[in-house]
Amino acid sequence: MSHTIVTTTTTTTTSTSDGGFCNIGYARSFQGLLKIGQVVILLIAFLCVHCDQHWTSYSAFRYFEVVTAWFLIVFLFFFLMYVMRLQRKITCINWTLTEFLHYAVGGILVFIASIVAAVKSHGYSSLVAGSVFGFMATFLIAISIWTSYKVTCGSQPTGAAV
C-alpha cells in the first residue's frame, strides 16, 4: 500500500496604494476645511488682540492670546497629523477621542476668552474684532465637536433587538 501526499501552497500578495506620504485629499474634505478655517480664524483673532496696545485689562487679553495661540497650534497639529497620516503610524493613542477632548476643552476656553475680551474691549475696534473672531472660532469648534462626537460615539441603538 502506497500513499501519495499532495501539498499545495497558495501565496496571496496584496498591495495597497495609499497615495504616499501625504493625504492631500484630507485638506479638501469637510473636516480638513473645518480645521483650516479654525486655524485661520484663531490666527486672525490672536493677531487682532496681539497687535493692539490699547489694553485696559492686561491679564484678560493675555489670557485671550494664550488660549487662541495654544489652540491654534493644537488644531494645526491635528490638521498636519491627518495630512501626513501620522494617526496610522502612532496607533497607541485613540486619536478620535483625543481630538474630541481637545475640541471640547478648546471650545469652552475660547468661548470664555472671547466673552472676557468682548467685555474688556471698551470699544477699541481691534479688540472687538478679536473677540468676534473668537466667537466665530467657537462656532467652528462646536461644529467640530458635533462631528467628532458622531464619529466617537456613533449612533447607539436605543432599544433592545428581539
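**A glycine to begin with**

Start by selecting Gly134, which lies in helix α6, where helices (H or I, at least four residues) and strands (E, at least two) are DSSP runs numbered from the N terminus. The model is predicted, so local features need pLDDT of at least 70 and side-chain atom pairs count only at pLDDT 80 or more, whereas totals for chains, interfaces and linings use all residues. Residues are numbered from 1 along each chain as its sequence is written, and side-chain values use heavy atoms, with hydrogens and water left out.

Gly134 has a relative accessible area of 0% and is therefore buried, a word that here means under 20% relative accessible area, while exposed means over 50% and partly exposed lies in between (1.4 Å probe, protein chains only). Now show the surroundings of Gly134: leaving aside neighbours within four places in sequence, Gly134 is in contact with Ala45, Phe64, Val110 and Ser114, contact meaning heavy atoms within 4.5 Å. If you also draw a distance to Thr68, 66 residues away along the chain, the C-alpha atoms are separated by 7.9 Å.

Not counting residues up to four places away in sequence, Val110 touches Leu42, Val67, Phe71, Gly134, Ala137, Thr138 and Ile141. Between Val110 and Phe64, 46 residues apart in sequence, the C-alpha to C-alpha distance is 7.6 Å.

Which residues have the most contacts inside the largest nonpolar core? Select Leu42, Phe64, Phe71, Phe75, Phe78 and Val110, which hold that place in a core of 28 residues; a nonpolar core is a set of buried Ala, Val, Leu, Ile, Met, Phe, Trp, Tyr and Cys residues joined through side-chain atoms within 4.5 Å. In soluble globular proteins, nonpolar side chains tend to be buried together.

Next select Phe78, which, apart from neighbours within four places in sequence, is in contact with Lys35, Trp95, Thr98, Glu99 and His102. Two of these contacts, Lys35 and Glu99, meet through their side chains in a salt bridge (2.6 Å, N to O), defined as a side-chain nitrogen of Lys or Arg within 4 Å of a carboxyl oxygen of Asp or Glu. This pair links distant parts of the chain, with Lys35 in helix α2 and Glu99 in helix α5, 64 residues apart.

Glu65 is buried, with a relative accessible area of 4%, whereas Arg62 is partly exposed at 32%.

**Aromatic rings**

Rings of Phe, Tyr and Trp (its six-membered ring) pair if their centres lie within 6.5 Å, with planes under 30 degrees apart counted as stacked, over 60 as edge-to-face and the rest as tilted. By this rule the count comes to seven aromatic pairs. One of them to display is Phe77 with Trp95, which is tilted, at 6.3 Å centre to centre and 50° between the planes. Because Phe77 lies in helix α3 (residues 58-83) and Trp95 in helix α5 (residues 95-120), the pair ties together parts that are 18 residues apart in sequence. Phe77 counts as partly exposed at 43% relative accessibility, and Trp95 counts as buried at 11%. Then select Tyr26, Phe79 and Tyr82, which form one aromatic cluster.

**Zooming out**

Finally, return to the whole chain, which has six helices and zero strands. Of its 162 residues, 33% count as buried. Among contacts between residues at least 6 apart in sequence, 77% join residues at least 24 apart.
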